[in-house]
Amino acid sequence: MAHRTWGGRFAEGPDALAARFNASLPFDRALWREDLWQNRVHARMLKEAGLLTEEELEAILKGLDQIEREIEAGTFPWQEELEDVHMNLEARLIELIGPPGGKLHTARSRNDQVATDLRLFLRAALDELLALLLELRRVLVKEAERHLEPLYVLPGYTHLQRAQPVLLAHWFLAYYEMLKRDAGRLEDARERLNESPLGAAALAGTGFPIDRHLTARELGFRAPMRNSLDAVASRDFALEVLSAFNIGQLHLSRLAEELILYSTEEFGFVEIPDAFATGSSIMPQKKNPDILELIRAKSGRVLGALVALSTVLKGLPLAYNKDLQEDKEPLLDALATYRDSLRLLTAMLPGLRWNRERMWQAAEGGFALATELADYLAQKGLPFREAHHVVGRLVRKLSEEGRALKDLTLQDLKAHHPLFAEDALPLLRLESAIHQRRSYGGTAPEAVRERLLEAKKEVGLA
């Protein structure tokens with residue numbers, strides 16, 4: 001029991017199963033860099049406060065450097081029975097330098113220690129994710145620009161039924177806008193979590209003459225947290241991060257779903273690169289979009305992490321409770337899932353092969369240009385609701401006759417309403433109709449080019 005930081009209170013060690021159930025080392029080892037950084041800063045602050053001598057500080061810093069080398073070399077003696085990363089590092093420090101190592105925990109608890117480590121870890125993780133989101137947004141912008149000249153047009157859908165034609169570039173930029181908001185949520189979460197719990201100790205602060213502003217500044221935090229209870233008890237910062245991950249993964253799932261649909265023979269709009277597809281064990285003709293399907297499926301995994309932590313936090317009394325140990329596994333898993341999904345799509349999208357002819361035929365076929373005729377009548381002065389009925393009857397007749405809109409003559413149009421004139425016929429051609437959607441944010445080429453130029457500036461490509 002002597003090696004346990006809390007062993008003095010207990011006459012016997014814990015049950016083996018209880019000890020294993022209690023341990024967090026298998027997952028909180030991920031925080032070792034942050035813990036070493038925090039230890040160094042805390043030690044320097046203790047020296048400034050007169051709680052460590054210069055010699056003790058030097059010994060502690062040398063010991064921490066040795067521990068870092070051991071971990072990086074894979075020779076660090078991790079001990080499962082020491083519960084967590086904090087106790088492992090502290091025990092090894094005491095082994096290396098003796099009694100000065102036992103002074104490092106002065107004016108600190110594992111409660112504020114782990115809260116500080118987690119904030120440091122997430123801050124760095126969010127910086128990485130923001131960089132990955134920027135790269136994926138750049139890919140979306142490049143793909144939009146690449147498919148703008150010549151025009152790639154595909155059917156736009158509502159209710160998964162053909163609705164109106166849109167530019168493929170416009171489609172790419174729709175996901176760009178979603179990911180831009182995803183980045184904003186991560187930036188907001190990073191700003192709010194960037195406060196230091198260190199020095200809150202177990203829950204009530206400490207009587208030692210510490211300088212929390214110094215440690216906050218040295219660790220890159222905006223400021224120390226203002227309430228010691230809140231500092232150790234709250235994980236809303238992790239919940240906010242998970243919420244942002246969840247929304248971001250949902251957007252990636254929607255993108256994956258559309259690519260899965262578009263790559264089927266029924267659609268035939270796009271082919272997935274071989275490097276991101278798999279085959280069948282018995283059907284040699286198959287090319288399955290497994291990576292996209294997994295990105296779609298893993299949105300449930302990230303949502304599960306959000307629900308799990310929400311359930312942990314619901315109803316917890318102040319201040320620290322062991323329940324909070326359950327914050328890391330779902331958080332780390334969701335982080336890895338979202339990060340890998342971003343990387344995979346960034347690598348995959350430039351390799352997509354879009355079938356311009358097949359998309360054009362699909363956008364032109366059927367009755368996707370019917371709204372153009374209704375708008376034409378409305379511009380001629382007919383109330384739109386009446387124009388809607390006129391064109392609806394026209395579509396019904398064509399459907400019964402097995403004809404398409406592009407087969408209509410001026411005589412056909414006039415038979416349905418006298419306001420139709422020669423200038424309505426170009427609206428039945430896709431190359432003309434697509435230019436009609438000129439409103440701000442619309443799919444007309446000039447509107448898309450305008451937004452594309454802005455987006456290129458936003459991601460540093462112009």
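Analyst: Helices are DSSP runs of H or I of at least four residues, strands are runs of E of at least two, and both are numbered from the N terminus. The model discussed here is predicted.

User: Where is E83 found?

Analyst: E83 is found in the loop between α4 (54-73) and α5 (85-97).

User: Why is E83 counted as buried?

Analyst: Buried means under 20% relative accessible area. E83 has 6% relative accessibility, so it counts as buried.

User: What is the phi value of E83?

Analyst: Phi of E83 is near 75°, which is positive although E83 is a residue other than glycine. A201 also has a positive phi, near 60°, and is not a glycine. A201 lies in the loop between β3 (195-196) and α9 (212-218).

User: Why is A201 called buried?

Analyst: The cut-off for buried is under 20%. The relative accessible area of A201 is 8%, so A201 is buried.

User: Why does R393 count as partly exposed?

Analyst: Partly exposed covers the range between the buried limit of 20% and the exposed limit of 50%. R393 has 42% relative accessibility and therefore counts as partly exposed. R393 is found in helix α16 (residues 384-401).

User: Which residues is Q113 in contact with, leaving aside its neighbours within four places in sequence?

Analyst: Contact means heavy atoms within 4.5 Å. On that basis Q113 is in contact with D35, Q38, N39, H86, H105 and R108. Q113 has its place in helix α7 (residues 110-146). Its relative accessible area is 2%, so Q113 is buried.

User: How do you know that the protein chain is more spread out than a compact globule?

Analyst: The protein chain has 19 helices and six strands. Its radius of gyration is 31 Å, whereas the globule rule gives 23 Å for 462 residues; the value is well over the rule, so the chain is more spread out than a compact globule. The C-alpha atoms fill a box of roughly 100 × 55 × 40 Å along the principal axes.

User: What share of the residues of the protein chain count as buried?

Analyst: Of the 462 residues, 48% count as buried.

User: Where are the cis peptide bonds of P150 and A319?

Analyst: One joins E149 and P150, with omega about -5°, and P150 has its place in the loop between α7 and β1 (153-158). Another joins L318 and A319, with omega about 5°; A319 lies in the loop between α12 (290-313) and α13 (328-348).

Terms used:
Residues numbered from 1 in each chain as written. Predicted model: local features only at pLDDT ≥ 70, side-chain atom pairs only at ≥ 80, totals over all residues. Heavy atoms only, no water. Rg over C-alpha atoms; globule rule 2.2 N^0.38 Å. Buried < 20%, exposed > 50% of the residue type's maximum accessible area, 1.4 Å probe, protein only.
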